[in-house]
Amino acid sequence: MKKNFKIAILPGDGIGPEIMEAAIEVLNAISKKYNVQFELKEGLIGGAAIDATGNPLPDETLKIAKESDAVLLAAVGGEKWDNLPTDKRPEKGLLKIRKELELFANLRPGKAYTALLDSSPLKETLIKGVDLLVIRELTGGIYFGEPRGTEERNGEKVGYNTMIYYEHEIKRIAKLAFEIARGRRKKVTSVDKANVLEVSAVWREIVAEVHADYQDVELEHMYVDNCAMQLVRRPKDFDVIVTGNLFGDILSDEAGALTGSLGMLPSASIGEKYALYEPVHGSAPDIAGQGIANPIAMILSAAMMLDITCKLPEAARDIENAIEKVLSEGYRTGDIWAPGTKKVNTKDMTQAIINNL
């Protein structure tokens, strides 16, 4: 088993440096417990990179990322850079690194923590025990399909986009979904609109073909409108959901919102060679530098890295269980605080998690 991992550390903007520090402290604790080494190399991205170099993704940062086993990214953006030209804004750095690393799959878990069930918009009986994963195809589909554009036809404005998927794009995302499902509850729900869209009919056909190599995993096909409804009606029935770019964009937000703690959710973007892990939430510039940010999503992103890239699932479960325990003991940062719980700052929350590892 590999014992040494090179990790690119991209703190970014806003609360990014604070929550990244928390994740590094947890990784240090994991390093000691599991006798593995993390060689960390920091790079600039987003607004911080613009301030230092004028470029939201400097070449040096991209070089660091490509020489690493994985990339940990905290957050980019903020009001400070809102008036810059579109191609020079912090978010362009994030989009570019995803493209340069050819990250074709976005993984977004939706897990309901027992201690936070009251924050879900659903009844406790529906949400308790929910633990699902949405795998969204990230580099194809209607967001990138050609032709696209706006023009005038017969005296009126027209906008058009093309939803297109190639066989190899569907095969690689389906294969990833089945591989991940094997380590979970062995069920994949493939979401499409095959009753209306030819592109979805091809999607369904190719996913079924890939499934032939994964007979130990259950496969169900579901139309996207029905899936959106069933996520609310019976979310516990889902394990791994795999779908295209547009549908995944919508369903992953819905799945995350079900837990009532969108700001606590991690994510991973996976490619053939590289992987990038980052929290779902933004840079929260209004609380930056105050030491009160919630580090849990960043720490869980590091846990996803341990699981997927480092092949250390026991370490990832260790972190998840520690967080569950800390929450059950009533520790809360301000964003998830409720009367009767203990409000703590970033450092205290991080230390409490480490103490429970």
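Is Asp216 buried, partly exposed or exposed, and what is its relative accessible area?

Reply: This is a predicted model, in which local features need pLDDT of at least 70 and side-chain atom pairs count only at pLDDT 80 or more, while totals for chains, interfaces and linings use all residues. Residues are numbered from 1 along each chain as its sequence is written, and side-chain values use heavy atoms, with hydrogens and water left out.

Asp216 is partly exposed, because its relative accessible area is 38%, and that class lies between buried, which means under 20%, and exposed, which means over 50%, computed with a 1.4 Å probe on protein chains only. Asp216 also takes part in a salt bridge with Arg182, where the closest N and O atoms are 2.9 Å apart; the term stands for a side-chain nitrogen of Lys or Arg within 4 Å of a carboxyl oxygen of Asp or Glu. This pair links distant parts of the chain, since Asp216 sits in the loop between α7 (198–211) and β9 (218–223), whereas Arg182 belongs to helix α6 (residues 167–182), 34 residues apart. Helices (H or I, at least four residues) and strands (E, at least two) are DSSP runs, numbered from the N terminus. Arg182, for its part, is partly exposed, with a relative accessible area of 33%. Elsewhere, salt bridges that share partners join Asp131, Arg184, Arg185 and Asp239 into one network.

As background, side chains of opposite charge can pair when their charged atoms come close. A search of the whole structure finds 24 salt bridges, and two further pairs can be set beside the one you asked about.

One of them joins the side chains of Arg136 and Asp249, with an N to O distance of 3.7 Å. That pair, too, links distant parts of the chain, with Arg136 in strand β5 (residues 131–137) and Asp249 in helix α9 (residues 245–258), 113 residues apart. Here the two partners fall into separate classes, for Arg136 counts as buried at 13% relative accessibility, while Asp249 is partly exposed at 26%.

The other pair is Asp82 with Arg89, whose closest N and O atoms are 3.3 Å apart. Asp82 counts as partly exposed at 35% relative accessibility, and Arg89 counts as partly exposed at 27%.
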